[in-house]
Amino acid sequence: MIKHQLVDKPFSGSKLRTPESDTVCARCPEGYFSSDRSSKAACQMHTNCSALSLKLVQKGDSTHDNVCQGEDSNRLDQSCGIDVTLCEEAFFRFIVPKKLSSTWLSTLMDSLPGVKINLENREIIKQKSSLQDQTFQLLKLWKEQNKDHRTVKNIVQGIDLCENSVLKHIGHLNITLEQLNTLMENLPGKNVGREEIEQIFGMCQSTEPILKLLNLWRIKNKDQDTIKSLMFGLKHLKSYHFPKTTIQGFRKVVKFLHSPTMHRLYQKLFLEMPGNQIHLVKMRRG
């Protein structure tokens, strides 16, 4: 029996193995990518940003998907391709129930005020994401599509205040490449590779690399909580002689995002969102 090879990215198994023959690898065609190393991995189509009413900020290649972002996003989001910021993630996690179901998500999408996300875009996001990440991406898209709606303006204002506070806590930190490598290596789950860290460090400015890397870690680890995982990683940094001011800055961010003040804001924004509030709150608690 033949020992079968794994298909290296950016290739896919165009002809799957049999007991008598090995896997045949083929490069992903233009417009497709593969980020997995597997004999069964198929090439995936690049995300159509315009179909989702988003802007293409980083063109994909044979190993990476396109990076999309809303037209009204700030410079930090666009230059570093952040899809969901720390504050948005904290707010979205407050909304999402622990026992998330597709029924709850459908009810939420149908109850949101303003322009609804059409079924085609829902299906595109559904095929590419876990149920929790679908919720994040759909809420982000809803926010982008309804930026002039009163409810969305209140949400954007609240999230902007949160983002400014996050930058206040870490904006003064002069984080080196080696410190970024150490921090990312100490996060649980799938690691962001050193090559990716170096690329992002060279592409982004000031505090942008760490925010982008935490975002990339969340994407790689799907449903894991970025803030809780950052707390886990910070516990191990003392043994690496990590600067105390840097650790304190990150701890302040974690504490701020989990503070009673922010929870009151999340609750206020959540109760403003749905048209059928009582039904959704009952489903969330259930």
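## Starting from one residue

At 8% relative accessibility, does Ile125 count as buried or exposed? Ile125 counts as buried, because its 8% relative accessibility falls under the 20% cut-off. This residue is found in helix α4, which covers residues 119-128. Its C-alpha atom is separated by 7.6 Å from that of Leu138, although Ile125 and Leu138 are 13 residues apart along the chain.

Please keep in mind as you read that this is a predicted model.

## The overall picture

The protein has 13 helices and 6 strands. Of its 286 residues, 48% are buried. If you look at contacts between residues at least 6 apart in sequence, 61% of them join residues at least 24 apart.

A pair of aromatic rings is described by the distance of the centres and the angle of the planes. The count of aromatic pairs in this model comes to 4. One of them joins Phe91 and Tyr266, whose rings are tilted, with 6.1 Å from centre to centre and 35 degrees between the planes.

Phe92 and Phe136 make another tilted pair, at 5.8 Å centre to centre and with 40 degrees between the planes. Taken together, Phe91, Phe92, Phe94, Phe136 and Tyr266 form one aromatic cluster.

## Helix α9 and its partner α7

Helix α7 (residues 177-185) packs with α9 at an angle of about 25 degrees, and the axes are 11 Å apart. The two helices are therefore roughly parallel to each other, since angles under 35 degrees count that way. Their crossing is right-handed.

Which residues of α7 meet α9? They are Leu180, Leu183 and Met184, and on the α9 side they meet Pro209, Ile210, Leu213, Leu214 and Trp217. By class, the contact of α7 with α9 has 8 nonpolar residues, with no polar and no charged ones.

## Helix α9 and its partner α10

Helix α9 (residues 208-220) also comes together with helix α10 (residues 226-234): their axes come within 10 Å and cross at roughly 110 degrees. That makes α9 roughly perpendicular to α10, because the range for this label runs from 65 to 115 degrees. The crossing of α9 and α10 is right-handed.

On the α9 side, the contact is made by Leu214, Trp217 and Arg218, while α10 brings Thr226, Ser229 and Leu230. These residues divide into 3 nonpolar, 2 polar and 1 charged.

## Two residues in loops

Val192 is found in the loop between α7 and α8, the latter spanning 194-203. What is the relative accessible area of Val192? The value is 5%, so Val192 is buried. Leaving aside neighbours within four places in sequence, Val192 is in contact with Met184, Ile197, Leu213, Leu216, Trp217 and Lys220. The C-alpha atoms of Val192 and Asn181 are separated by 8.8 Å, with the two residues 11 apart along the chain.

His241 is placed in another loop, between α10 and α11 (244-257). At 75% relative accessibility, His241 counts as exposed, because the label applies over 50%. Most residues other than glycine have a negative phi. His241 is not a glycine, and yet its phi is positive, at about 55 degrees.

Note on methods: Residues numbered from 1 in each chain as written. Predicted model: local features only at pLDDT ≥ 70, side-chain atom pairs only at ≥ 80, totals over all residues. Heavy atoms only, no water. Axes fitted to C-alpha atoms, helices over the stretch in contact; angles between N-to-C directions. Helix = DSSP H or I, 4+ residues; strand = E, 2+ residues; numbered from the N terminus. Parallel < 35°, antiparallel > 145°, perpendicular 65-115°, else oblique. Left-handed = near helix turned anticlockwise from the far one by under 90°. Contact = heavy atoms within 4.5 Å. Nonpolar A, V, L, I, M, F, W, Y, C, P; charged D, E, K, R; others polar. Phe/Tyr/Trp six-rings, centres within 6.5 Å; stacked < 30°, edge-to-face > 60°. Buried < 20%, exposed > 50% of the residue type's maximum accessible area, 1.4 Å probe, protein only.
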